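Please look over the sequence and the 3D view before reading on.

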Amino acid sequence: MANYGVDTSRILDRALVSTLVTNPSILIAQWIARAWQTAKGALATIGDDPNYGLAGGGLVQYVNRRLSPNEIAAMQANLEAAALYSPEVLSINVSVSFTQSGSLTINASGQATTGPFFLVGNVNSITAEAVFNFLQGP
Amino acid sequence: MTTTLQQLLTALTQTQAYNDLLGFLSAEGFPVTAWPAGSVERTEMMAISSVLVDVVTNYIPAIAGGNFLDYAATDWLRLLAAQKFNLEYNKATATVGLVTLTAATGSGPYPFNAGDLIITFGASGNRYTNMFSGTVPLSGDLPGVLFRAAFAGSQYNDPANSGDITLVTPLPGVSLTNPAGDYSDPVEHVGAGTGDLTLGGTPIGSHQVLINIDSSGASGVASWSYQLDGAPFVSVGAVSSVTNLGGDGINITLVNGGSGTSFVEGDTYLFSTPGTWIQDQGSDDESNDSLKGRCRGRWSSLSDIATEEYYDVLARSTPSVGSQVTQVIVLPDAEINNRLNIIVAGPEGALPGGTVDDIQAYVSSRPRITDNPVVQSPAEVDIALAGTVYVSFSQLATAQAAAQTAMLDYVNGVGINGTILLSRIIELLMEITGMIKINVATVTINSVAADFVLGDSSTFEAASLTIPLGLTWVTV
């Protein structure tokens, strides 16, 4: 059973108008973005996969934290592990950085079974709101 | 489509609900087969199905079955019992018992008010609070202080002569005991006579004795008979005393009252040996099965001709006794044609004399035609388990505690005149975490490697498990 197909375009909240997504690279990138914002085990409360999500509690756990280089490396590994949980994701490379204001920027690129994918995320240090941009592959 | 009662009562799994939702969506053309965990639509469907399951499994069966005794439970059952059968469920009761406070030489006096004193039993951790005021005298004893359990429930079943009771609210120099005499105190009397009994001797074993006054008069003039442990009544004639009753070391003397007729025909006197420190046995909320039984038995109360079920309902519905009664056996007496023996027991076996007295008074005020119902508790038979068991070294303590709990639950659940199965004991012990094996040949009940049968057609017995268990624990 393929994990690609058609899904509603959504990262966290429901939009006023639902948009279907069929582009495979954007489908997988949105899946990764949702996984990063879901605490691992949260889906178990509705009877779904308890292993889906980001260990430690979603991206918000990293907002406004002072992270040492080792902790940043661990954070990147955590993000990569959450993404690699999907069997469609063959590889992923994540880099994170903090802006002067404390906002978190995430750059990720990788290979899925149908080709490359790219996404850039920015987590606001005040609102903890995450905004993602999904880039189609060349 | 007609929906059957069975469909309404059948729970739904989340998988079934989710698949049903996918079926509807698939029929409308949605690509349901490509949604992994984390996809938008799948997550929404899982959330919806989890709510559906909650409603279909918890609410709909309760509502649909709430009007039927076979299917109603707890709150719905209690509503049904109250509305349709005019029966309130019996609420949990708290244990009440007597404690003696002793001030060491030079200590005291200590006056106290109700609620001032909190005691705890070391073995169980159970706490009790005093019910009335009093004063521990200087260098003296204050016996008979009533203490009530902190919470209602049958787990407050601490033994007499505990030896490990402490005051949480300290009184320097004061020690506590909860003695149980040779006999239950007081002797429970039902009837109009002014006389009483004096008990003596050295009783052997656990027994329950019921005295029936066969003809009125003073001590030595009134004739009376006794029933030992539910056996047929034995007449002793018009005597003022009996020694070594039934060969069990029980001495009984009839003592005249100050005025009026001391012993009136039909009066009864009930006592047991050994005594107990407990006045009221704590009990849990009435079980669903018990309440259903009382509801079904309610129909018998509409008839002028009583049935055994009618007396069962009365025994379980006695006000103030509440859910202390968990077992009832109603049997016509083997010797006296109009006498009906009503054997009652609680979650921990025989009930205190006062409780039996309350039930007797309630039942006696509602007899049918010529019936003579006699309420009594079964005699308690001590049950000692022995055997060699092998347990993992690291789990010895937890296995021992679990074994005690399992054996208490089983033995207490056997019921009046039940059979304690050797095989069931072995089976329950083997289910305990950490248990490796049991030397089956060494397992005995009261030193006999066989099932133990309580009572018979004319005697009524309930089991009382000896704690701590007499098992030999070998660690591996």
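B:Ser447 is exposed, with a relative accessible area of 69%, where buried means under 20% relative accessible area, exposed over 50%, and partly exposed in between, using a 1.4 Å probe and protein chains only. B:Ser447 lies in the loop between E24 and E25 of chain B, and although this residue is not a glycine, its phi is positive, at about 70°. B:Asn446 is found in the loop between E24 and strand E25 (452-453) of chain B, and B:Asn446 also has a positive phi, near 50°, in a residue other than glycine. B:Asn446 is partly exposed, with a relative accessible area of 23%.

## How the model is described

This is a predicted model, in which local features need pLDDT of at least 70 and side-chain atom pairs count only at pLDDT 80 or more, while totals for chains, interfaces and linings use all residues. Residues are numbered from 1 along each chain as its sequence is written, chains are lettered from A and ligands numbered from 1 in the order in which they are written, and side-chain values use heavy atoms, with hydrogens and water left out.

## Chain A

Chain A contains two helices and six strands, and read along the sequence these follow the pattern β-β-α-α-β-β-β-β; helices (H or I, at least four residues) and strands (E, at least two) are DSSP runs numbered from the N terminus. Of the 138 residues in chain A, 44% are buried. Among contacts (heavy atoms within 4.5 Å) in chain A between residues at least 6 apart in sequence, 36% join residues at least 24 apart.

The mean pLDDT (the predictor's confidence in each residue, from 0 to 100) of chain A is 82, and 84% of its residues reach 70 or more. Among the elements of chain A, the lowest mean pLDDT, 70, belongs to strand E1 (residues 7-8), and the highest, 92, to helix H2 (residues 69-84). Where pLDDT is low, the predicted coordinates should not be read in detail.

A:Glu88 lies in the loop between H2 and strand E3 (89-98) of chain A. At 13% relative accessibility, A:Glu88 counts as buried. The C-alpha atoms of A:Glu88 and A:Gln111 are separated by 8.7 Å, and these residues are 23 apart along the chain.

## Helix H9 of chain B

Helix H9 (residues 422-430) of chain B has the buried residues B:Leu422, B:Ile425, B:Ile426, B:Leu428 and B:Leu429. Seen down the axis of H9(B), these buried residues fall within an arc of 165°, so they line one face of the helix; the arc is that of the directions from the helix axis to the C-beta atoms. The buried residues of H9(B) pack against several elements of chain B, including helix H8 (396-414), strand E22 (385-391) and strand E24 (435-445).

## Two cis peptide bonds

In chain B, a cis peptide bond with omega of about -5° joins B:Gly108 and B:Pro109, and B:Pro109 lies in the loop between strand E1 (96-103) and strand E2 (110-112) of chain B. A cis peptide bond also joins B:Thr273 and B:Pro274, again with omega of about -5°, and B:Pro274 is placed in the loop between strand E16 (268-273) and strand E17 (278-280) of chain B.
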